[in-house]
Amino acid sequence: MKTLVAFLLGTALVALPTTLLAQEKGGVINVATIGEPPTLDPMSSTADLVGIVTQHIFETLYTFDKKWNVTPLLAESLPEISADGKTYTIKLRTGIKFHDNTDMTSEDVVASLGRWMKIASRGKQVAGFIDSITAVDPATIKIALKQPYAPLTSLLAFNNSAAIIIPAEKQDEPMKEFIGTGPYMLKERKADQYIQLVRFDGYKSRDGESDGYGGARHQYLDEIRFVPVPDANTRVEAAVSGQYDYVDSIPVESFDKLKASSASQPVILKPFGYPVFVFNTKEGLAKNVEVRKAIRQALSMEDMLAAAFGSTDFYTLDGDIYPKPYVWNTNAGVEGNYNVADPEGAAAAAKKAGYNGEPIRILTSRQYEFHYKMAQVAAEYLKTAGFAVDLQVVDWATLTQRRTDPKLWDIYITHSPFLPEPALIGSLSPSSPGWWDTPTRKTVVDAFTSEVDPQKRVALWADVQKAMYDELPYMKIGDFNAVSAKSTKLEGVDPAPWPYFWNASVKK
């Protein structure tokens, strides 16, 4: 019955966008990634690599435009929000097909959001504020909240720990069939060799112009292949030679070499985001906040950034979680707690905190070479401060698996783009690896997320940042610019933190 009802709702003919008719279709591209994604279920992972691949297969109700405003994707429009901020009515687009050729209805959306709240770290973050999610009719859902929750639509839009919509009948955990609504569908995955996506002929794009991750999504390419290339130097040489059409995460010291290539050109995203050291606040040495503070006191963020990125053309020493001119910029909590570089003082602080020479287990990966270089510098500063260090260098897929087990690590190294909504920061969720869950966190984060007035939210964000510096669930190292590479024959790919290849085409 569900399929029949959706068919009746969506049988109107839809004209193809004129830009699609004008653009020649065809071509295959090969995209070099930093490694093998640990999963193709974007609900169950916060790894950027998972989001980069799966955003072509699965879609969410909302996404972000080029100015980082929330914009509809599978939803027909932005939600209608009640005067008290506690009821969201969301109209759905009709005529949307899944890759198994069934039709998307509100039944699928309700089931998918239920799965998201159960297994996704960001879904769990939302779940405590949700009273109910119900289907009003086949093309409408209603979300009832216990209290206003300002970041809801941003969380529904994010492709990381994503609220993807999948068929109600295919809600397995772990996911068994990778059936989405996206412009490309999974054809084949050969572990450590490639992930092959092919055009989904039943795809229904939004009308209008493309706009960041939003707007029209054109399917010019026949096929996209994501190929894991874990070694950073191999990615550089492959980019210079033109072996791949797009190469993600190029070490910045290779920028000039890449710029001189006739086959590829650098793609720079400035600023991209910030590297972070995430602490395990649940178990082990780092559970003690005073030990965490002693570790921070020992470290030179400036030396770590210089080792990782070389020239200040590619990094900025900055402890504010959001740099200027972001509206969220504040220096709350930063003074005296950033780039201290005082190993002697840290040694005394560690002894006072009860540190007894146990090894600090630091998880890092060379697939992001700058992570590894920062880890090396950090290890030397920590040893100078009297800490024993167990530097565990693993592939990125292994790191993302190990970080889910609090018994295995004390610090893991990662990075994040500057997200449009601070509530998207993973460490704010107590279910995210690191497991920051204190009364202070709950007080400041709940106050921030329940406030709907934009100006008041800016002030409340300062309280959150101060709490993060006081309780130290993670350490920001600084700001950095990201470099990737694209073939001179590849068109329609804009710089983006999670590169996307709908709208891409190959120059004949």
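Buried means under 20% relative accessible area, exposed means over 50%, and partly exposed lies in between (1.4 Å probe, protein chains only). The model is predicted: local features need pLDDT of at least 70, side-chain atom pairs count only at pLDDT 80 or more, and totals for chains, interfaces and linings use all residues. Residues are numbered from 1 along each chain as its sequence is written, and side-chain values use heavy atoms, with hydrogens and water left out.

**Close-up 1**
Serine 161 counts as buried, at 1% relative accessibility. Its phi is positive, about 55 degrees, although serine 161 is not a glycine. Where does serine 161 sit? Serine 161 is found in the loop between helix 6 and strand 8. Helices (H or I, at least four residues) and strands (E, at least two) are DSSP runs, numbered from the N terminus. Proline 174 also lies in the loop between helix 6 (152-157) and strand 8 (184-190). A cis peptide bond joins glutamate 173 to proline 174, with omega of about 5 degrees.

**Close-up 2. The two sides of helix 11.**
Helix 11 spans residues 343-352, and its buried residues are Pro343, Ala346 and Ala350. Why are they on the same side of helix 11? They cover an arc of only 50 degrees around the axis, which puts them there. The arc is that of the directions from the helix axis to the C-beta atoms. An α-helix has 3.6 residues a turn, so residues three or four places apart point the same way. The buried residues of helix 11 pack against helix 9 (289-298) and helix 12 (369-384); contact means heavy atoms within 4.5 Å. The face turned away from the buried side carries the exposed residues Glu344, Lys351 and Lys352. Just after helix 11, glycine 354 takes a positive phi of about 95 degrees. In the loop between strand 15 (315-316) and helix 11 lies proline 325. A cis peptide bond joins lysine 324 and proline 325, and omega is about 10 degrees.

**Close-up 3. Two aromatic pairs.**
The structure holds 28 aromatic pairs. Rings of Phe, Tyr and Trp (its six-membered ring) pair if their centres lie within 6.5 Å; planes under 30 degrees apart count as stacked, over 60 as edge-to-face and the rest as tilted. Tryptophan 68 and tryptophan 498 form an edge-to-face pair, 6.2 Å centre to centre, with 80 degrees between the planes. Tryptophan 68 lies in the loop between strand 2 (62-64) and strand 3 (70-72), and tryptophan 498 in the loop between strand 21 (490-491) and strand 22 (505-506), so this pair ties together parts that are 430 residues apart in sequence. Tryptophan 68 is partly exposed, at 29% relative accessible area. Tryptophan 498 counts as buried, at 2%. Phenylalanine 272 and phenylalanine 480 form a tilted pair: 5.2 Å centre to centre, 45 degrees between the planes. Phenylalanine 272 is in strand 14 (residues 264-279) and phenylalanine 480 in strand 20 (residues 479-487), so the pair ties together parts that are 208 residues apart in sequence. Phenylalanine 272 is buried, with a relative accessible area of 8%. Phenylalanine 480 is buried too, at 3%.

**Close-up 4. An aromatic cluster and charges over rings.**
Which residues form one aromatic cluster? They are Tyr274, Tyr322, Tyr326, Trp328, Phe418, Phe448, Trp461 and Tyr474. Arginine 457 lies over the face of phenylalanine 448, at 4.2 Å from the ring centre. A charge sits over a ring if NZ of Lys or CZ of Arg is within 6 Å of the ring centre and within 35 degrees of the ring normal. Lysine 282 lies over the face of tryptophan 435, at 5.5 Å from the ring centre. Tryptophan 435 is in the loop between strand 18 (411-417) and helix 14 (439-450). Tryptophan 435 is buried, with a relative accessible area of 13%. Its phi is positive, about 55 degrees, although tryptophan 435 is not a glycine.

**Close-up 5. The largest nonpolar core.**
A nonpolar core is a set of buried Ala, Val, Leu, Ile, Met, Phe, Trp, Tyr and Cys residues joined through side-chain atoms within 4.5 Å. The largest has 154 residues; Leu61, Leu113, Trp116, Ile143, Phe277, Leu299 and Trp461 touch the most other members. The largest share of this core, eight residues, comes from strand 14. Leucine 299 touches residues including Phe277, Met304, Val340 and Met475, not counting residues up to four places away in sequence.
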